[in-house]
Amino acid sequence: MNKFLLLLVFLAADLFADQPPDWSAFIVQSENKGWSAIVHPEGVADTPWKDSWVLNIYKGFHFSYPAPNVKPVWTTKYNPSGYSGGYLSNDGSTFSYVEAWYYPYSPVVKIYREECKILKNGSYFAVGDKLQKTVSHELWLKEGGNVEYLSIDGNLYLQLETIKGPRKIEISCNEEA
């Protein structure tokens with residue numbers, strides 16, 4: 001019986017353990033599968049976290065790197081956290097990365113457009129301080145919550161579900177990042 005309880009404790013602790021970053025290149029599709037984002041290191045540094053990274057946006061569905069003659073519609077420098085994933089708008093104009101972990105004074109949402117980058121610190125979202133704790137971080141997003149792009153009155157927004165309800169960010173390069 002004691003071995004069973006010990007195993008149960010280790011399994012429960014593992015559920016809240018933080019996964020280390022994998023620092024791998026990755027591909028994200030827009031919801032309508034009309035656009036692809038490919039994020040990769042330039043490959044000049046000895047370690048991936050010291051490398052320069054690039055975000056390339058391609059028209060069409062790509063599940064691997066396109067042929068060399070296929071050029072991206074737009075490209076920009078990318079500042080990775082070491083984890084794969086993100087959200088690409090259905091018109092290919094915007095790529096967003098949302099951190100699972102909460103940082104009040106560091107970016108938890110990074111929005112990339114050809115003409116600008118928008119960063120939002122955790123405090124911007126006013127989720128309070130009673131967050132679910134993991135081994136070394138705090139979670140601020142609703143479990144199973146949705147992250148999506150919305151078009152309202154001709155303006156593009158990123159909406160995400162936090163533990164305190166939905167939050168919207170207007171995606172405009174005219175505001176300060």
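The legends below describe close-up views of a predicted model.

In this model, local features need pLDDT of at least 70 and side-chain atom pairs count only at pLDDT 80 or more, whereas totals for chains, interfaces and linings use all residues. Residues are numbered from 1 along each chain as its sequence is written, and side-chain values use heavy atoms, with hydrogens and water left out.

**Figure 1. Overview of the protein and its secondary structure.** The protein has one helix and 13 strands, where helices (H or I, at least four residues) and strands (E, at least two) are DSSP runs numbered from the N terminus. Along the sequence the pattern reads α-β-β-β-β-β-β-β-β-β-β-β-β-β. Of the 177 residues, 36% count as buried, a class that means under 20% relative accessible area, with exposed over 50% and partly exposed in between (1.4 Å probe, protein chains only). Among contacts (heavy atoms within 4.5 Å) between residues at least 6 apart in sequence, 47% join residues at least 24 apart.

**Figure 2. The disulfide of cysteine 116 and cysteine 173.** A search of the whole structure finds one disulfide, defined as a pair of cysteine sulfur atoms within 2.5 Å; the sulfur atoms of cysteine 116 and cysteine 173 are 1.9 Å apart. The link is left-handed, with -65 degrees about the S-S bond. Cysteine 116 lies in the loop between strand 7 (107–113) and strand 8 (117–121) and cysteine 173 in the segment after strand 13 (165–170), so the pair ties together parts that are 57 residues apart in sequence. Cysteine 116 counts as buried at 19% relative accessibility, while cysteine 173, at 27%, counts as partly exposed.

Figure 3. Strand 5 and strand 6 are joined by two bridges and form a hairpin with five residues between them, in whose turn glycine 92 has a positive phi of about 75 degrees.

**Figure 4. Strand 6 and its bridge partners.** Strand 6 (residues 94–98) pairs with strand 7 in the antiparallel sense over five bridges. Phenylalanine 95 of strand 6 stands opposite leucine 88 and has tyrosine 112 of strand 7 as a bridge partner, whereas the bridge partner of tyrosine 97 in strand 7 is lysine 110. Thr94, Ser96 and Val98 point one way from strand 6 and Phe95 and Tyr97 the other way. Five of the five residues of strand 6 are buried, so this strand is largely enclosed by the rest of the structure.

**Figure 5. The surroundings of proline 80.** Proline 80 is placed in the loop between strand 4 (74–78) and strand 5 and is buried, with a relative accessible area of 14%. Residues up to four places away in sequence not being counted, proline 80 touches Trp23, Trp53 and Lys110. Proline 80 and serine 52, which are 28 residues apart in sequence, lie 9.2 Å apart in space, C-alpha to C-alpha.

Definitions and conventions. Two strands pair if DSSP finds at least two bridges between them.
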